Amino acid sequence: MGVSFVKVYKDNCNRLFLDNMVKENLVKDVVKEPYKYGFITDIETEKIAKGLNEDIIRLISQKKEEPKYLLDFRLKAFKKWQKMEEPDWAGLGYKKIDYQDIIYYSAPKQKEKISSLDEVDPKLLETFDKLGIPLTEQKKLTNVAVDAVFDSVSIATTFREELAGHGVIFCSISEAVKTHSDLIEKYLGTVVPASDNYFAALNSAVFSDGSFVYIPKGVKCPMDLSSYFRINSGDSGQFERTLIIAEESSSVSYLEGCTAPMFDTNTLHAAVVELIALDDASIKYSTVQNWYAGDEEGVGGIFNFVTKRGKCLGKRSKISWSQVETGSAITWKYPSCLLLGEESVGEFYSVALTNNLQQADTGTKMIHIGPKTKSTIVSKGISAGNSINSYRGLVKMGTKATGSRNYSQCDSMLIGDQASANTFPYIKSQQPNSDIEHEASTCRISEDQLFYLQSRGIEFEEAISMMVSGFCRDVFNQLPMEFAAEADKLLSLKLEGSVG
Amino acid sequence: MQSKMKESYPILEVDNLFASTDNLPILKGVSLTVYPGEIHAIMGRNGCGKSTLSKIIAGHPSYNITNGEIKFSGENINSLEPEERAQSGIFLGFQYPIEIPGVSNLEFLRVSTNARRKFLNKEELDTFDFEELVKEKLELVKMDQAFLSRSVNQGFSGGEKKRNEILQMALLEPKIAILDETDSGLDIDALRIVASGIKKISNAQTGIILITHYQRLLDEIEPNYVHVMADGQIIKTGGSDLAVELEKKGYEWTDNFLQQT
């Protein structure tokens with residue numbers, strides 16, 4: 001027994017070791033490679049007319065054969081949105097968006113009802129193949145179920161039967177509206193209300209597709225779930241909506257990846273993600289965001305204005321966000337946790353890498369409402385080129401949050417002398433019997449460090465990526481292993497020439 | 001002994017080297033030739049240019065060569081990048097090894113070793129083969145395996161940092177190793193470990209330059225030549241007895257020498 005224990009221990013160590021190797025390769029690839037997902041799929045699409053008004057919203061709802069409550073939800077959101085002003089408090093610099101110049105629904109033309117993957121347009125399957133996300137039965141990823149979203153619609157979801165056997169529901173949100181309408185009606189908009197903010201209201205009015213996950217009571221989801229979002233057309237926005245519900249004592253790990261072709265215009269991506277964790281449930285949500293970032297002069301790229309929020313409703317529930325943000329011209333997102341349940345836990349682990357003229361304003365909100373709640377924030381921002389990388393976060397202790405704790409660590413790394421990094425931590429405490437800890441640091445890759453690595457035969461670019469990777473280690477350790485290889489493929493951004 | 005060595009070609013030739021940083025001249029005509037199997041010691045006061053010489057040979061970007069040349073295996077390397085010099089077999093042991101947070105020592109050593117192996121057309125090592133190799137080399141400097149999982153030099157004591165340098169030398173198997181004050185900050189036991197490591201690594205094909213203030217390292221590793229540097233020049237060259245003489249007379253002697261000339 002002793003021997004086998006040692007063997008298992010050793011195997012685990014080796015595996016952990018390999019895991020870290022894979023993860024360390026993430027940033028190495030980011031640093032070295034140009035954007036390789038910039039291709040466009042030539043496919044016939046069904047697009048509706050540009051512009052936004054009640055009729056457009058009715059048309060979207062009608063195309064998706066939605067029940068009345070959902071149309072009402074959309075119309076109500078639209079009315080609110082019309083009264084709202086586009087926020088500018090983040091001080092991000094971008095050309096004003098013309099909301100009437102966007103197509104709000106774009107779908108590849110295919111048969112009305114698809115009963116199996118064989119009926120999916122081969123061009124679509126090929127597209128996802130090229131992105132490293134094969135969907136067909138023979139080639140699909142073995143340990144991950146994937147929901148593939150192309151522009152406004154979900155193309156395919158793998159492993160559905162296997163998951164259904166465990167009672168897990170994993171499908172597009174459009175389908176869930178039809179098959180699990182009760183759950184949608186009960187939970188949609190309960191974490192991110194339509195009136196939450198300008199972009200959440202817009203999304204609520206026009207959301208097209210996205211993923212839906214339901215994990216029943218007591219079930220540990222047998223495999224990781226993943227959504228892959230692909231924007232293909234240049235003039236349509238992507239407004240997906242994701243809803244994940246984890247019932248009592250259940251758990252799930254979920255990852256989303258995103259890419260888009262290279263257009264010289266800006267495309268708006270305004271998603272909403274809602275997570276709900278009941279008693280003793282746990283949700284781990286990981287993002288590898290690699291939308292097209294625009295070129296070196298800052299032309300083109302995605303505006304990534306996203307609202308992500310999780311509600312720890314139950315006692316001892318846990319929601320953990322981990323994100324690797326490398327793409328988009330502008331990223332504006334704050335995956336947050338509402339910690340209601342007693343002893344619930346919120347986590348946020350983030351790496352944001354910006355280069356050239358990219359702007360990232362990202363962070364989290366940890367709202368401690370219930371007693372003995374706990375949150376951890378680890379944010380690593382890396383700015384190169386002329387980019388601006390800001391951490392913006394709020395930690396709030398409510399009046400009932402006795403014995404609650406927060407720990408925040410925000411580190412910035414500057415590469416070159418033109419990039420900037422900011423940290424805006426907001427702390428509000430209404431509960432004296434709670435602890436809030438905040439640590440922050442800024443560093444620059446020093447010439448001495450570079451010379452040391454170079455004097456050991458390590459190439460300049462490799463030396464930088466090793467240091468960047470080392471800087472991000474705390475966060476990479478949080479990425480689910482099953483996705484490390486996938487994330488490896490998704491990540492690619494060039495820091496080349498950004499130093500010295 | 002000397003005539004036998006000179007039958008081979010020099011590994012390193014520094015010829016009338018002038019160098020400056022921020023327009024401040026630091027080296028003022030240094031010449032030095034190292035043949036395979038030779039051990040050279042360079043001694044001198046702080047600020048005499050010893051460390052600068054070692055950094056320039058390794059390719060530090062902060063210094064400009066204003067005159068003269070450095071030849072390695074017969075080739076002028078003045079314009080080579082530091083990593084190219086390292087890959088081809090020049091090793092600099094740092095006086096103050098640099099800390100690199102987050103980068104694991106093991107990964108650093110592996111990438112570095114593979115860069116050198118690639119240059120030598122040897123097969124690059126995967127993590128498991130590399131672990132075998134590194135364990136063997138750890139013995140030489142009596143380092144614990146625990147050092148491998150820590151970040152490069154971070155939180156290492158002065159002695160541990162220096163041993164880590166010698167470990168790197170053992171892995172890279174350089175043709176010439178320039179060890180900049182490897183003995184400073186070491187207690188007598190650590191000094192012996194480091195010295196015996198250096199001796200085991202070097203062989204008849206390796207050249208070694210020891211930069212030091214003190215005789216005690218040279219008691220452990222006897223040099224063939226001792227050079228005394230002052231004000232950016234080598235002012236005197238002799239055998240190992242010169243170090244003993246210098247220890248007795250102190251560096252004031254070099255000041256006097258400079259005043260005379």
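The exercises below treat a predicted model of a complex, each with a worked solution.

Residues are numbered from 1 along each chain as its sequence is written, while chains are lettered from A and ligands numbered from 1 in the order in which they are written. Because the model is predicted, local features need pLDDT of at least 70 and side-chain atom pairs count only at pLDDT 80 or more, whereas totals for chains, interfaces and linings use all residues.

**Exercise 1. Find where confidence in chain B is lowest and where it is highest.**

Step 1. pLDDT is the predictor's confidence in each residue, from 0 to 100. Its mean over chain B is 91, with 97% of the residues at 70 or more.

Step 2. Helices (H or I, at least four residues) and strands (E, at least two) are DSSP runs, numbered from the N terminus. In chain B the lowest mean, 47, belongs to helix H1 (residues 2-5), and the highest, 97, to strand E6 (residues 90-93).

Step 3. Over residues 1-5 of chain B, pLDDT stays under 50, and the model has three contacts for them beyond four places in sequence. Two residues are in contact if their C-beta atoms, placed from the backbone, lie within 7 Å. Where pLDDT is low, the predicted coordinates should not be read in detail.

**Exercise 2. Compare the radius of gyration of chain B with that of a compact globule.**

Step 1. The radius is taken over C-alpha atoms, and the globule rule is 2.2 Å times the number of residues to the power 0.38.

Step 2. For 261 residues the rule gives a value near 18 Å, and chain B has 18 Å, which agrees.

Step 3. The C-alpha trace of chain B spans about 60 × 40 × 40 Å along its principal axes. Chain B contains 11 helices and 12 strands.

**Exercise 3. Determine how strand E10 (residues 207-212) of chain B is enclosed.**

Step 1. A residue is buried if 20 or more other C-beta atoms lie within 10 Å of its own, exposed if 12 or fewer, and partly exposed in between, with C-beta atoms placed from the backbone.

Step 2. Six of the six residues of E10(B) are buried, so the strand is largely enclosed by the rest of the structure. One side carries B:Gly207, B:Ile209 and B:Ile211, and the other B:Ile208, B:Leu210 and B:Thr212.

Step 3. Two strands pair if DSSP finds at least two bridges between them. Strand E3 (residues 39-43) of chain B runs parallel to E10(B) and is joined to it by five bridges; B:Ile39 stands opposite B:Ile208. Strand E9 (residues 176-180) of chain B also pairs with E10(B) in the parallel sense, over five bridges, and here B:Ala177 stands opposite B:Ile208.

**Exercise 4. Describe the side of chain A that touches chain B.**

Step 1. The contact takes 20 residues from chain A and 23 residues from chain B.

Step 2. Helix H1 (2-32), helix H9 (447-454) and helix H10 (460-476) of chain A each supply at least two residues of this side. H10(A) gives the most, with seven residues.

Step 3. H9(A) is mostly covered, with six of its eight residues buried; among them are A:Phe451 and A:Tyr452. Their cover includes H10 of chain A, together with helix H3 (82-88) and strand E7 (100-104) of chain B.

Step 4. For the complex, the predictor gives an ipTM of 0.95 and a pTM of 0.78.
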